[in-house]
Amino acid sequence: MMKHANGQAIIQTFEAFSPKHYAVEGDKIGLQVGTLNKPVKKVMVALDVIEPVVDEAIEAGVDLIIAHHPIIFKPIKSLRTDQVYGRTIEKLVKHDITVYAAHTNLDVAPGGVNDLMAEALGIKETEVLVETFEDPLKKVVVYVPEENAQQVREAMGQAGAGHLGNYSHCTFNTKGTGIFRPGEGTDPHIGEKGKMEYVDEVKIESVFPASIEKRVVRAMTNAHPYEEVAYDLYEMAVPGSKLGLGRIGELKNEMTLKEFGEHVKEAFGVRGARVVGDLDKKVKKVAVLGGDGNKYVNQALFKGADVFVTGDLYYHVAHDAMMEGLMMVDPGHNVEKIMKQGVAGFLSAFIDENKYSTEVITSKVNTDPFQFI
Ligand SMILES: [Zn+2]
């Protein structure tokens, strides 16, 4: 039996990972072309939605493109199909290909573009470079029969509850007695209708970032054996995790700027990179920001970076960095293509878990407009 995932279900899962409210103000994200209300045979993850990518999608029979760069960013004043932009959108509509964009929300998301880039560079224990969003903490308290406590703890942990620093699955557990009387029309997991029941229960407490509340509550209630799950949710006054653009952290071993430049080229699979600074100077603390990081040179300096890796570097910004003693490596904007594997891996896990026959592919078209000669 072929069971294709619905577009809505795919995006709902994707948004648990890269929620829309992570995006910076004014960004153009979400559903941009077509509909999500349809079964999806094939989803393609792409960095850019330019005409050759759309041709590739048509050729491959793709129903849904999840892209990092929005296809519609500035308001459209006309849609002329005798010009490349209008023609590209025309092709999407004619072939019923939906385009969904996850831009700065995917940059910010833990495990998104910037984390993938930091990981590729081998930067350890990274922090956010530019804070844009604070995810407040919440606490869930749930009462579970003793024999089911472990499965509920596990499900909550898997959903992301109980992350404290490098610890995961953190909970606090107290034993007690749950007392209840099942009424008419119930089908109790324990006990019988009309009779008072005393059950050895565990009260499990765990914290989680508010943005994943739905996911945590769903995982918890699904794993819980009761029809009516007794749980409380609390807002917390302690500060939540800071999210944002870019990452900063340290290399395992320091190296010269020249060696680091080569390392960047290799990590991102690019033929060339522009480098600012003394090639013999040592590099240990690295800031990285996918896309255009010109605005954030001061943040990189302020946070003590030796070198800042970003794209689209301007001449005058490079001058400023050079005069401040901040080294820079610009491997280009296209290195954000690293998101394709990350997002495809995440979607594939969801598809496999639910035994959908939907296929997940990544765009193979090289969308880097620049070549080195
Ligand atoms: Zn970008």
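Predicted model: local features only at pLDDT ≥ 70, side-chain atom pairs only at ≥ 80, totals over all residues.
## Nonpolar cores

The largest nonpolar core holds 41 residues. Within this core, Phe14, Leu64, Ile66, Phe260, Val286 and Val309 touch the most other members. Helix 11 supplies the largest share, six residues.

Neighbours within four places in sequence are set aside here. Val309 then contacts Leu121, Phe260, Val264, Phe268, Val286, Ala287, Val288, Leu289, Val329 and Pro331. Two of these partners, Phe260 and Val286, are also named with Val309 among the residues that touch the most other core members.

## Zinc site

Three residues coordinate the zinc ion: His69 through NE2, His333 through NE2 and Glu336 through OE. The distances run from 2.0 to 2.2 Å. In sequence, the donors follow the spacing H-x263-H-x2-E. His69 sits in the loop between strand 5 and helix 3, and His333 in the loop between strand 16 (327-330) and helix 11 (339-353), so the pair ties together parts that are 264 residues apart in sequence.

Are the two histidines buried or exposed? His69 has 15% relative accessibility and therefore counts as buried. His333 has a relative accessible area of 26%, so it is partly exposed.

## Surface patch

Ile76, Leu79, Val84 and Tyr85 make a nonpolar surface patch. The patch covers about 340 Å². Leu79 belongs to the loop between strand 5 (64-67) and helix 3 (84-94). Why does Leu79 count as partly exposed? Its relative accessibility is 45%, and the partly exposed class runs between the under 20% of buried residues and the over 50% of exposed ones.

## Overall build

The chain has 373 residues, with 11 helices and 17 strands. Its C-alpha trace spans about 80 × 50 × 35 Å along the principal axes. Buried residues make up 46% of the chain.

How much of the contact set links residues 24 or more positions apart? Such pairs account for 74% of the contacts with a separation of 6 or more. The chain exposes about 19,500 Å². Carbon and sulfur atoms supply 51% of that area.

Conventions: Residues numbered from 1 in each chain as written. Heavy atoms only, no water. Patch = residues over 30% accessible without salt bridge, like charges linked within 9 Å, V, L, I, M, F, W, Y side chains within 5 Å. Areas by Shrake-Rupley, 256 points an atom, 1.4 Å probe, with all protein chains shown as cover. Salt bridge = Lys/Arg side-chain N within 4 Å of Asp/Glu carboxyl O. Helix = DSSP H or I, 4+ residues; strand = E, 2+ residues; numbered from the N terminus. Buried < 20%, exposed > 50% of the residue type's maximum accessible area, 1.4 Å probe, protein only. Donors = N, O, S within 2.8 Å, 3.2 Å for Na, K, Ca; no water. Core = buried A, V, L, I, M, F, W, Y, C linked by side-chain atoms within 4.5 Å. Contact = heavy atoms within 4.5 Å.
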